[in-house]
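Colleague: I have a chain open and would like a walk through it. Can we go one topic at a time?

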Amino acid sequence: MYCSVILRGAVRQTDKLFTYRVPDELSGTVVAGSLVNVPFGKGDSQRCAVVIDIKDTFDGDESLVKDIGSVISSSPVLKADQLALIDKISDRFNCTKGDVVELMVPSCVVNHKNPVEVFVELVSKENTEFILKSETLRSIAHIHILEYLLERGKCTRKEIMSSLSCSSAQVKALEDKGLIRLVKEVAGEEETYLSLDDAPEGKFTEEYDLSTEQETAVNEILTGIDERNANTFLLFGITGSGKTEVYLNCAKKVIAEGGSVIYMVPEISLTPQTINWIKGRLGDSVAVLHSRLTDKQRYEQWNNIRTGKAKVIVGPRSGVFAPAVDLRLIILDEEHDSSYKSESHPRYSAKDIARMRSLITGCSVVLGSATPSVESFYAANLGAYKLLELKQRARQEAKLPNIVPVDMKEQIKLGSGSMLSVPLRQAMSVAFSENKQVILLLNRRGFSRTLVCESCGEPVTCKNCSVAMTLHNNRRNGTQSLICHYCGYTVPSYEAVCSVCNGTRFTKAGFGTQQLEEFLHTVFPHEKVLRMDQDSTMTPGAHKEIIEKFANKEASILIGTQMIAKGLDFPDVTVVGVLGADLMLASTSFKASERAFQLITQAAGRAGRGDHPGTVFIQSMRPEQPLFQFACTQNYRAFYEQEIEYRQKLSLPPFKAIGEVVLSLPDENLLIQRANMLSKYLNDFIGFQDKKYQFEVFGPMPCVIYELRGRYRMSFVIKAANKSAINGVFKRLIEDFDHVKYPMSFDNDPQDG
Ligand code: ADP
Ligand code: ZN
């Protein structure tokens, strides 16, 4: 018998199917999906591999075929639908099949050793019966052990010792008499128990009568699941409309019928809170995959999924690879969240993979959000996704918060400074006097390298692309320039003119969370402040601790970056301040407006979740901008209409696909030389392509982060009619360039400029 395998984590040169012989003694233990060790290369070093298929014959040179080394897991580590996904993912995300296997088979599985156990068996049944009848044994313990073995056959020493309360010395004595044999064997894949968090509290188990909207959504989704027709739903429900309840009801039905569900949540929402909710409602069949697990716990969870003991898999984006048995539903909560896209190799999108997996298995996909990504809403408008809407808050008494724009230009003139406006300060005082809490949101992502106009607060934007331009220091001559990361348009910083007010003085605006914290201590010296940002959450568990402290009301103010806007539920928060809202728009990504709208809406969703209506203050230098108006009225559709028009006008996704190639080298001169070579190649290449692909190439230009870990980085942006055209270019680059001389990374869905 032979099998073909893929090496886990293979590089491009070794990313093929290799054939191995299955020696007779292993023949029963190797099936498609098994995990094995194989001798590889000249030195026959052992490599971990997944068996793709089994065959009786081999039509190549028989003498070159090696034997499989050993079997790591005979029961498949990959299900048929996962095996079918490997090629598709490798193709779509420009990685090796071995990379995909690595994503699907986590290292805890490779490293897992089933514990070796000592088994006890009788040397001879007849002889034992004879000895027992002849009553020659004097030890009652010896008699019991032999009787036990006669009755049950081979069993572990541990079992005998605990069932009969005897010692290992007594077992050993029987071995010395030659009556029994001790053998060491690998124990079978025992069912493990979910040994995670404590039992959920009662408050998480409450069930509700569904609202009419919720019920319609649940019914539509359940019908879709029954069709097994790879249906995708976009569950568009305002914050607090009870989307979670929809997911839980659907999941419950699926597991009652024996199917399983993958339930993904953004990385940061994977709090004990969320987990308790889901476990409280769906019981012990929930497996949780998150970064705080030890290898042993992770293996346990994974094995429960593989054996079908766990039927609901809760996790971040990597959950999409779980070996679910009879998968019928994949949920992506907060589908717009950027954590569903991997920002390191392989740069996959869990949303795309969910869709790919559904096309193979027929399972349904539910994408849920209060602020869907523009691409998803576009797909729903085209009819590719079924749109389900929840327009009402689920709890009648919970009111939509009041959203108040604050003009910071005026406030600064009035002398209140640039951090806290008078109305926000007053609202905070009232909240504290009523023993309520306040969240202050300060987004710093992506703006720190842009310049804003001193008089109107507007960032310098690219005349072609309407995104903020990035400030770069020209190391060679000490000057500074502003560069657009989509088209490469460059202006020396001294020539920049504000497109809104023609101002010519620019500054790196904004303040940080630490400055804000210090300022709060002077304004509200009696209030305790918690800060959640990258610095304060470096250590594992810090994030959870901050959330718990705030939930326990150990502090009345929580300040932080976008981390705190997501998925958290603090019933006593009545005031939310969004500070420096303009800076959200000053990001260098074409998704800046979308992100800002999402963030404000989510932040607003944090206020008034309990029985008290909340107020959200949006502090901006230009509160009259349409985006803030739409956010204040929570008008997603109006926002969408404006955004989709901009995307169409500038040929951005979903109208055209964008790809990015990053070339990075430690030697700056070499980098510039090779980037120019690459530029020539790319321009020649697209010159020969059919017009229908609509190729455009921009660059080379320095990356937003030009120096990273001792390397300099230049990027190219490629636009084309669709992703497969972009991938076509990537494949040519991979084939035609020596990857040692030209270390490149590829992304066909860059999220942040
Ligand atoms: P979303 O995820 O859409 O923002 P949630 O799922 O967090 O909203 O629900 C908001 C609140 O409404 C939660 O406290 C939830 O327990 C409650 N809720 C959900 N559905 C119902 C219902 N049918 N009746 C009463 N309360 C509900
Ligand atoms: Zn541009």
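This is a predicted model: local features need pLDDT of at least 70, side-chain atom pairs count only at pLDDT 80 or more; totals for chains, interfaces and linings use all residues.

Colleague: How many helices and strands are in the chain?

Modeller: There are 23 helices and 31 strands. Both are DSSP runs, numbered from the N terminus: helices are H or I with at least four residues, strands E with at least two.

Colleague: And what box do the C-alpha atoms fill?

Modeller: Roughly 110 × 70 × 50 Å, taken along the principal axes.

Colleague: What percentage of the residues count as buried?

Modeller: Of the 753 residues, 53% count as buried. Buried means under 20% relative accessible area, exposed over 50%, and partly exposed in between, with a 1.4 Å probe and protein chains only. The chain exposes about 33400 Å², and carbon and sulfur atoms supply 49% of that area. Accessible areas come from the Shrake-Rupley method with a 1.4 Å probe; for residues, only the protein chains shown count as cover.

Colleague: What about contacts between residues at least 6 apart in sequence?

Modeller: Among those contacts, 74% join residues at least 24 apart. Contact here means heavy atoms within 4.5 Å.

Colleague: On to the ligand. Which residues come nearest to ligand 1?

Modeller: Y208, D209, Q214, G240 and T244 come nearest, out of 16 residues around ligand 1. A residue is near a molecule or strand if one of its heavy atoms lies within 4 Å of it.

Colleague: Which atoms of Y208 and D209 are involved?

Modeller: For Y208, an N or O atom of the side chain is 2.8 Å from an oxygen atom of ligand 1. For D209, a polar backbone atom is 2.8 Å from a nitrogen atom of ligand 1. K243 has a polar side-chain atom 2.9 Å from an oxygen atom of ligand 1. The protein covers 82% of the 570 Å² of accessible area that ligand 1 has on its own.

Colleague: Which helix gives the largest share of the shell?

Modeller: Helix α9, residues 243-256, with three residues. By class, the shell has four nonpolar, seven polar and five charged residues. Ala, Val, Leu, Ile, Met, Phe, Trp, Tyr, Cys and Pro count as nonpolar, Asp, Glu, Lys and Arg as charged, and the others, Gly among them, as polar.

Colleague: New topic: strand β28. How many of its residues are buried?

Modeller: Eight of nine, so β28 (residues 657-665) is mostly covered.

Colleague: Which strands do bridges join to β28?

Modeller: β30 (residues 711-720) is joined to β28 by nine bridges, and β31 (residues 744-747) by four. β28 runs antiparallel to β30, and β28 also runs antiparallel to β31. Two strands pair if DSSP finds at least two bridges between them. As examples, S664 has R713 in β30 as its bridge partner, and L663 stands opposite M744 in β31.

Colleague: Where is V740?

Modeller: V740 is in the loop between α23 (723-736) and β31. V740 counts as exposed because its relative accessibility is 62%.

Colleague: Now the backbone. Which peptide bonds are cis?

Modeller: One joins P653 and P654, with omega about 10°. Another runs from G699 to P700, with omega near 10°. P654 is in the loop between α21 (636-649) and β28, while P700 is in strand β29 (residues 696-708).

Colleague: What is phi for S165 and A230?

Modeller: S165 has a positive phi of about 45° although it is not a glycine. Phi of A230 is near 50°, again positive in a residue other than glycine.

Technical notes
Residues are numbered from 1 along each chain as its sequence is written. Chains are lettered from A and ligands numbered from 1 in the order in which they are written. Side-chain values use heavy atoms; hydrogens and water are left out. A polar contact is a pair of N or O atoms within 3.5 Å; within protein, one must be able to donate a hydrogen and the other to accept it, and residues adjacent in sequence count only if both atoms are side-chain atoms.
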